[in-house]
Amino acid sequence: MCQEKDKNLTILCRCEDITLDEIREYINQGVTDLEQLKRLLRVGMGPCQGRTCTPLLINEIARATGRPVKDIPLTVFRQPTTAVKLGVLAGGINHE
Amino acid sequence: MNKTADYVIIGGGVIGCSIAYNLAKKGAKNIVLIEKKYLTSGATGRCGAGVRMQFGTETNCLLAKNSIEMFENLEEELGYQDSIEFKQGGYLLLAYTEKMVEQFHKNLGVQHKLGIPSRWVTPEESKEIVPHLNTQGLLGATFCGKDGHCNPFKTTDAYAKAAERLGVEIMTYTEVKQLLAQDGRITGVETDKGVIETPVVVLCAGSYSRDLAATIDIDLPITPERHQILVTEPVEMMQGPMVMSFYHGLYCQQVPHGSFVMGLGDPNEPKEYNFNGSWQFLHEMAAKATFLLPPLANLRVVRQWAGLYDLTPDRQQILGSVPGFEGVHLAAGFSGHGFMIAPMTGKLMAEHILGEETSLPISMFDFSRFARGELFVEPSVV
């Protein structure tokens, strides 16, 4: 969460409210694996499932590690493609 | 890269990291932990994140009770700057049949002898604890307020960082291809990056432990079984405890982040390596969850995933050595409840590996019990 006033407030993962500064802090500590960043910071775990932040994250990792963007492994894309209500999935006529 | 180590731990899940930390804390040196992908990439990172003391056997109750007491102070113990998101909102275990009621009362007897603060609650009292619970058909439940949630990624990260500070070397994206042995004694491990010579190997690679043990002709009775979980969007806190029903085979908890994490066991699941989520799970999970906890119907599912239980014939972990084989230690086959007992398991395994007397007995979990036909039956698992 970005509460401190003097922090850079550029938000990179808007679902989970994670700033560019927070991400750079982890990358600077050596966490340059997208899988690890996701699990430790929750980037890409929100309703958009990383569709907004993943390309930005990949760029950050590429810049920090000097590796080409195409060589940065992505995380697994998991279903459902878009968020669906449990009531709809249950097929319940009672949950309109 | 060829090197030597005094101890090689295979598996970068919470168990491996906890053993590595506890070994190093006891002064063991030259410890290498090998993980084929990233830390928590296996069962740990795919688990339901619940922690509970409410088991049905004295041994498991003690393992779990000690572990939860360790979770309470784990951030300080490990000097972790972040939070492991430990939340003690309790576990509400639902009983739907007379047989379950009887079993739960037996369990409470075992738990109370050990000082576990669990209690029987009526359907009305259950509704006070979880106001949105549908009590239709419910005969009662047991509740323990000390049970709850802990973040598996952060917990593993905390153990790994503390272990590294004590000198443990963690090698990720390194795969052990086979164990090396000579005359009934471990001599090393062969990885995709070279050989590491070592007199001691600790096998805590979940379902893959079986494949690795097979490379030195040890036949571990562990089979992989897929279990699936889904997570919803986060909402304001509305459910304190984990709600668990052995009858429906499901569990559902609102984690500190605000999202609901829920999973379901499928008794007809084929025994194989399978990490794919299925549509059937989504459908069945949604139907059961919205029956039991109706307001959840309005929550959106954002993601589903699958992980493997490393099932043993009695659904209990294998801890200890391999008779007639020097230098192999096993901590595998947790069958779906490894994360919650990881703190105590790490401590016990470190004691065992160093030849000390273990703080709690572990002989009932030894590998030979299957050959002896002495299965250890735990009535309270999903």
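Biologist: Leaving aside its neighbours within four places in sequence, which residues is Ile9(B) in contact with?
Modeller: Bear in mind that this is a predicted model. In it, Ile9(B) is in contact with Gly16(B), Ile19(B), Ala20(B), Leu23(B), Ile31(B), Val32(B), Leu33(B), Ile34(B), Val202(B) and Cys204(B).

Biologist: And which residues touch the most other members of the largest nonpolar core?
Modeller: Ile9(B), Ile19(B) and Leu23(B) do, in a core of 74 residues. Helix H1 of chain B, residues 14-25, gives the most to this core, with eight residues.

Biologist: Where does that core lie relative to domain 1 and domain 2 of chain B?
Modeller: Between them, because both domains contribute residues to the core. There is also a second, separate core of 29 residues, which includes Leu86(A), Ala141(B), Phe143(B) and Leu293(B).

Biologist: Switching to sheets: what is the strand order in the open sheet of nine strands?
Modeller: The order is E3(A)-E18(B)-E14(B)-E17(B)-E16(B)-E15(B)-E5(B)-E7(B)-E6(B), and the pairing is mixed.

Biologist: Which strands stand at the edges?
Modeller: E3 of chain A and E6 of chain B; each has a single partner strand, so one side of each lacks a neighbour in the sheet.

Biologist: How do E5 and E7 of chain B run, parallel or antiparallel?
Modeller: Antiparallel, with five bridges joining them. Tyr91(B) stands opposite Cys144(B) in E7(B).

Biologist: Which helix lies across E5, E6 and E7 of chain B?
Modeller: That is H4 of chain B, residues 98-113, running at about 155° to E6(B).

Technical notes. Residues numbered from 1 in each chain as written. Chains lettered and ligands numbered in written order. Predicted model: local features only at pLDDT ≥ 70, side-chain atom pairs only at ≥ 80, totals over all residues. Heavy atoms only, no water. Core = buried A, V, L, I, M, F, W, Y, C linked by side-chain atoms within 4.5 Å. Buried < 20%, exposed > 50% of the residue type's maximum accessible area, 1.4 Å probe, protein only. Helix = DSSP H or I, 4+ residues; strand = E, 2+ residues; numbered from the N terminus. Domains from an automatic or database assignment. Contact = heavy atoms within 4.5 Å. Pairing = 2+ DSSP bridges. Axes fitted to C-alpha atoms, helices over the stretch in contact; angles between N-to-C directions.
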